[in-house]
Amino acid sequence: MTNNWIDIKNANVILVMGGNTAEAHPVGFKWVIEAKARNKATLIVVDPRFNRTAAVADVYVPLRAGTDIAFLGGVINYLLTKDAIQHEYVKAFTNASFIVKDGFGFSEGLFSGYDSDKREYDHSTWDYELGPDGYVQVDETLQHPRCVFQLMKQHYSRYTPEVVVNVTGSPKDKFLEVCKLIASTAALNRTMTSLYALGWTNHSVGTQNIRCMAIIQLLLGNVGMSGGGLNALRGHSNIQGLTDLGLLSNLMPGYLTLPAAAEPNLATYLAKRTPKPLRPGQLNYWSNYPKFFVSLMKVLYGPAATKENDYGYGWLPKLDRVDHEYDMLRVQDLMVQGKMNGYICQGFNPLQASPNKAKTLAGLGKLKFLVVIDPLATETSAFFENHGEYNPADSSKIMTEVFRLPSICFAEDEGSLTNSSRWLQWHYRGQDPPDEARTDIDIIAALFLRIRELYRKEGGVFPEPILNLHWPYLIPERPMPAELARELNGYAITDVKDPQDPTKVLVKAGQQLATFAQLRDDGSTACGCWIYSGCWTEKGNQMARRETHDPGDRGLVPGWAFSWPANRRILYNRASCDANGKPWDPNRPLIHWNGTKWVGLDVPDYVPTAAPSKDMGPFIMHPEGVGRLFSRAFVKDGPFPEHYEPFETPLGTNPIHPKVVTNPVARVYKDDHSELGNSSEFPYVGTTYRLTELFHYWSKHCLINAILQPQQFVEISEQLAAEKGIVNGGEIIVTSARGRIRAVAVVTKRIKPLTVNGKVIQHVGIPIHWGFTGLTRKGFPANVLTPCVGDANTQTPETKAFLVNVERA
Amino acid sequence: MELSRRQFFKLSGAALAGSSMAALGFPAAEAVAEVREFKLSRTTEVRNTCPYCAVACGVIMYSLGDRAQNNRASIMHIEGDADHPVSRGSLCPKGAGLLDFVHSPSRLLYPQYRAPGESGFKRVSWDWATDRIAHLMKEDRDRNFVAKNAQGEDVNRWLTTGMLAASASTNEAGFLTFKTVRSLGILGFDNQARV
């Protein structure tokens, strides 16, 4: 979230699209109701199903699953043709006026530079035209034919209401009503907030779904505003934290990236990641990358990380390409090929969560060993067990050694979790672990120390990073959460001096840092995750703070927990003020310039003493200083989002450009491609979702929740039921090209057929939660049906739009 | 002797100095029936946050047991934390069922091992399991570690073992996991953010 849960109450328009907040985040949804009740906010829901959020919406619009970009592209076209944008904001705070290189173009579904053999773009034209001074050329009048504004206008001019309606199946009057409501927030005193979740990410175009909304919010001047922003409602309690900490195949903490093989030393690595400003006067905060990186290496390798050895740079594993080379879908594929020997699943149930269950089942059976660390008996840990049609494994043929290690649950744990609002909240242990269960920290520590001991005694391949890993914990077998949190915050190794006045010591050796502004790239500071710096300072544990006061009643609660970065509650808040530093809307003040510095309710997202000027933009992480309507080469499938059909399209064509039907750069493995279905065999659109009573495949182990949702069901429309002779409560079989599930049919008015490109499209709603362990009746997880197709940028699987058939059982 | 509840408390209050209920001549059953304490009054309150979605509602957990040696604390009630600025005491149907997660019959209680070809697990010790896993990992790493790629560039990676980390574990557990996994050279490493 750029903003936070409470801030939703400040919105005038709330768009829930790509999520179902009332069902999946019910308590956070209270703030939507608060906005409706106290702020007269209008709630819009756009979703294939009339879901629980839609039930309390002011406007509900159905759309075909997987066509969000067509819908939102239509909204962008509406805003531009009706000139319903926040003009000053767009001119000063976005790259609308930036001139793009000659040669950039888009034609019949493809951007310039496409290589169909490699299924990749050459991105060289997807960038700005630089002047002789090295800075981007701009046209403040926005009239230059190659300025971002004009290119964007041209790109989205194709998304007329007629095209939108033809692709999405949304009723035209409803679509236009939504456009009008969204456009109303271009006014200085109105904002829209966007709430989304996996309904946007679980697509082969997931990243671009979100990019569409980023463009819309920038055009409306809603980013950085109280009651505005782009708000990703994250699914797990610490999915934000683990992402922040870089527990992903290509990342390191604080959104630093793993090195590539072509970067043989620290200098080449840092040179590629330390941007130069693209406009004069920009803060260009990523220019501090070397400080963040060297300080991380000092936490990882302690005294063994020296200037002479590039702070242990050579010990890091390197990727051939710095994208998602070893993401989950790739690992799953390598497993099936017999190229993986070991797998450790810590609180993760891939047999249920990875797409195409049969593939995961085959893959796990080819491992030599599987280690499952979990508080519960998960399906993954029991994958070798035969549960009939629910898990058709033959134990006798599976040679995988399986270890099941009991970990604690939240109630027995201490530490911090980062919620959707970027709040790090500390929690405490309330009971002892049952029997022999241990904390994840103790389990990981014991395993690592045992491995290290073996390397010490026996030697082995490339032992340096293992032997040199810094392990400064008081009891090595049991690192304390407080010790790890202090590492995350960062500390001074030697005295940190004021760069303006070297006689002044800012932080004494051994002290905790107050902020990431104190980080250095000379090895004098250590910091595990630069954006978390400030979480455990000399003042103690800032994450455990419990002050509830809320100055200005804006929902910022600055004394509650710690919000990264720097306890800032609303990101990009500099953009809530005009060029002179005055809030666009005096009734929603966050910060303002008082003549000598920035002051206000929130921590300024800007240099606190930098006078407002046109020069330094509010998007300080960008070398251009402004928000990107045109995303350059940062998004693989195009600088502007474009509608591509789901890989399993019910139309068999792309009505906007029939030559390029699906995302041209999404990666699909050969075997997975042969397991894609077509609409003649599988005519209906399957889409997966959660229920409020159950959490993934986890709370079916809890008695109350199992009683509330005891049995698997699938939702279909009355029309489809009538056509297929299916009755409400009867059994049905749902099949895809990958598998088959059996469930109770819920025949509902909440799903309606849509007419798309002259064809009637039916959706089949498939809740995800059941399996062969737990207290509910046995059932089939939805991933029996879902395809292994990933988003082109993140490899998040396309589980919200795929093809199925249904039959009476 | 018939006493109302109010009279009973009056009497027992007056008789506090030195006399027991029995000495006053009350039947034991009546005394027990009358004195019913508020269930949470002898519990320990601990603050936590709900482990499910990322709203992260505040919860208060009430446990019995004073955590003295050989006296294991056990949670007997969980409710919303009214001080929490987002949740203000609310919990959803999942959060309201947290006690049943803590005491789920599916909780794992001790390490288990399934040998190749077997249809079930057997109980093992932590020491045995840790040792066996450490040996398997080291053996696999030593055998399959890739020091250089096809172009002869240093890559120092271990691709034949992977890990999925838990998005419900703490930042502190996550960071320790990051440290160890990356130092081993593992690249096939993700959390639930990918699905």
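Predicted model: local features only at pLDDT ≥ 70, side-chain atom pairs only at ≥ 80, totals over all residues.
Me: What radius of gyration does chain A have, and what would a compact globule with 809 residues have?
Reply: Along its principal axes, the C-alpha trace of chain A spans about 85 × 70 × 55 Å, and the chain holds 21 helices and 33 strands. For 809 residues, a compact globule would have a radius of gyration near 28 Å, and the value for chain A agrees with this, being 26 Å.

Me: Which helix gives the most to the side of chain A that touches chain B?
Reply: The contact between the chains involves 136 residues of chain A and 103 residues of chain B. On the side of chain A that touches chain B, the residues divide into 75 nonpolar, 40 polar and 21 charged. With 10 residues, the helix that gives the most to this side is the one at residues 440–458 of chain A, namely α16.

Me: Are helix α18 of chain A and helix α6 of chain B roughly parallel or roughly perpendicular to each other?
Reply: Helix α18 (residues 481–489) of chain A packs with helix α6 (residues 171–184) of chain B, their axes being 9 Å apart and the angle about 70°. Since angles of 65 to 115 degrees count as roughly perpendicular, the relation of α18(A) to α6(B) is therefore roughly perpendicular.

Me: How many nonpolar residues does the contact of α18(A) with α6(B) have?
Reply: From α18(A), the residues A:Pro481, A:Leu484, A:Ala485, A:Glu487 and A:Leu488 meet B:Asn171, B:Glu172, B:Phe175 and B:Leu176 of α6(B). By class, this contact has 1 polar and 2 charged residues, while the number of nonpolar residues is 6.

Me: Which strands are the edge strands of the open sheet with 7 strands?
Reply: The sheet draws on both chains, in the order β5(B)-β4(B)-β14(A)-β13(A)-β12(A)-β8(B)-β9(B), and its pairing is mixed. Within it, β12 (residues 342–346) of chain A and β8 (residues 161–164) of chain B run parallel and are joined by 4 bridges, whereas β4 (residues 112–114) of chain B pairs with β5(B) in the antiparallel sense over 2 bridges. Each edge strand pairs on one side only, and the two are β5 (122–123) and β9 (189–190) of chain B.

Me: Which residue in β8(B) stands opposite A:Gly342?
Reply: Strands of a sheet pair through backbone hydrogen bonds, in either a parallel or an antiparallel way. Here β12(A) and β8(B) are parallel, and the residue of β8(B) that stands opposite A:Gly342 is B:Thr161.

Me: What is the bridge partner of B:Asn48 in β2(B)?
Reply: Chain B also has an open sheet of 3 strands in the order β1-β2-β3, with antiparallel pairing, and its edge strands are β1 (44–49) and β3 (74–80). Neighbouring strands of this sheet are turned against each other by 30° on average, direction ignored. Strand β1(B) pairs with β2 (residues 58–64) of chain B over 6 bridges, and in β2(B) the partner of B:Asn48 is B:Val59.

Conventions
Residues numbered from 1 in each chain as written. Chains lettered and ligands numbered in written order. Axes fitted to C-alpha atoms, helices over the stretch in contact; angles between N-to-C directions. Parallel < 35°, antiparallel > 145°, perpendicular 65-115°, else oblique. Contact = placed C-beta atoms within 7 Å. Nonpolar A, V, L, I, M, F, W, Y, C, P; charged D, E, K, R; others polar. Pairing = 2+ DSSP bridges. Rg over C-alpha atoms; globule rule 2.2 N^0.38 Å.
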